[in-house]
Amino acid sequence: MKKIILLISGSGSNMVAIKEAIDIGIIKQTKISCVICNEPSASGIKKAQDLGLRTQILNHRDFASRELFDEELANKLDEFDPNLIILAGFMRILSEKFTARFKGKILNIHPSLLPKYPGLNTHEKALKNKDQEHGVTIHFVNEELDGGPVIAQGYLTIGESKDSEALRKRIHKIEHDLYPKIIDAVISNEIKLTPSGTFYKASCQHYIQRVFYAV
């Protein structure tokens with residue numbers, strides 16, 4: 001049985017999707033060892049507890065620096081010895097020392113078609129710039145903000161809507177479908193990080209191309 005840790009900061013919608021994917025066998029032979037949250041008021045904490053998941057709160061405001069927070073977070077992760085660390089709406093920039101310590105074992109999902117729009121407010125930026133397409137990027141995490149090696153991207157056509165909240169909900173549908181599939185592929189070593197970049201076994205070659213979603 002493989003072990004994953006989920007790191008969250010907010011509502012935990014991807015966390016819920018990942019737990020459901022484990023329950024129905026999309027993510028195989030895997031358990032969530034713990035959900036760690038840096039925001040004590042985050043609604044995702046109760047969602048995790050309602051799902052029967054172990055939770056821990058590690059408030060970043062209790063630490064004098066980002067490096068000290070990351071050191072304590074790394075120590076907690078080592079206690080669980082996870083096969084994979086999943087950022088599921090974790091709103092913290094991780095230090096170079098932290099990302100190096102867990103190289104190839106941290107996944108993130110970002111709501112844009114990277115390298116477009118790293119950081120925040122991606123839906124608003126896509127609408128402001130009148131983009132025709134928008135989507136998500138799943139990538140291995142390194143020291144660069146939203147800049148690690150890309151694993152997969154899912155996209156949609158924006159259409160005529162100018163409502164960022166409606167666009168966010170459409171993007172969530174892509175996240176909740178694609179992220180669990182990629183987690184399963186990485187946890188089973190069908191996709192992995194190598195010195196030359198992201199490696200795909202034959203069963204996952206289709207993820208090299210962007211996946212279109214009619215949502």
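## Ring contacts, pockets, cysteines and backbone in a predicted model

The count comes to 3 aromatic pairs, where rings of Phe, Tyr and Trp (its six-membered ring) pair if their centres lie within 6.5 Å, with planes under 30 degrees apart counted as stacked, over 60 as edge-to-face and the rest as tilted. The rings of Phe63 and Phe69 have centres 5.7 Å apart and planes at 75°, so this pair is edge-to-face. The structure is a predicted model, in which local features need pLDDT of at least 70 and side-chain atom pairs count only at pLDDT 80 or more, while totals for chains, interfaces and linings use all residues. Residues are numbered from 1 along each chain as its sequence is written, and side-chain values use heavy atoms, with hydrogens and water left out.

**Around the aromatic rings**

- Phe69 is buried, with a relative accessible area of 1%, whereas Phe63 is partly exposed at 25%; buried means under 20% relative accessible area, exposed over 50%, and partly exposed in between (1.4 Å probe, protein chains only).
- The charged end of Arg92 sits over the ring of Phe69, 4.9 Å from the ring centre, a term that requires NZ of Lys or CZ of Arg to be within 6 Å of the ring centre and within 35 degrees of the ring normal.
- The charged end of Arg210 sits over the ring of Tyr155, at 4.1 Å from its centre.

- The largest pocket has a volume of about 900 Å³; on a 1 Å grid over the protein atoms alone, a pocket is an open set of points where a 1.4 Å probe fits, with protein on both sides within 12 Å along at least five of seven lines, and lining residues have an atom within 4 Å of a point.
- Of the 38 residues lining the largest pocket, Gly89, Met91, His110, Pro111 and Leu120 are the closest to its centre.
- Two or more lining residues of the largest pocket come from each of helix H1 (13-23), strand E5 (106-110), helix H5 (122-128) and helix H6 (164-187), elements that are DSSP runs numbered from the N terminus (helices H or I, at least four residues; strands E, at least two).
- H6 gives the most to this lining, with 6 residues.
- By class, the lining of the largest pocket has 12 nonpolar, 18 polar and 8 charged residues, with Ala, Val, Leu, Ile, Met, Phe, Trp, Tyr, Cys and Pro counted as nonpolar, Asp, Glu, Lys and Arg as charged, and the others, Gly among them, as polar.
- The second largest pocket has a volume of about 160 Å³, and H6 and strand E8 (191-194) each supply at least two residues of its lining.
- The lining of the second largest pocket divides into 4 nonpolar, 3 polar and 2 charged residues, including Lys2, Asn83, Asn189 and Lys192.

**Cysteines**

- A search of the whole structure finds 0 disulfides, a disulfide being a pair of cysteine sulfur atoms within 2.5 Å.
- Cys34 is in no disulfide, and the nearest cysteine sulfur, that of Cys37, is 11 Å away.
- Cys34 is buried at 0% relative accessibility, and Cys204 is also buried, with a relative accessible area of 3%.

**Backbone features in loops**

- A cis peptide bond, with omega of about 15°, joins Leu114 and Pro115, and Pro115 lies in the loop between E5 and H5.
- Tyr117, placed in the loop between E5 and H5, has a phi near 55°, a positive value in a residue other than glycine, and is buried with a relative accessible area of 15%.

Technical notes. Points joined across faces, edges and corners; volume = space filled by probe spheres on them.
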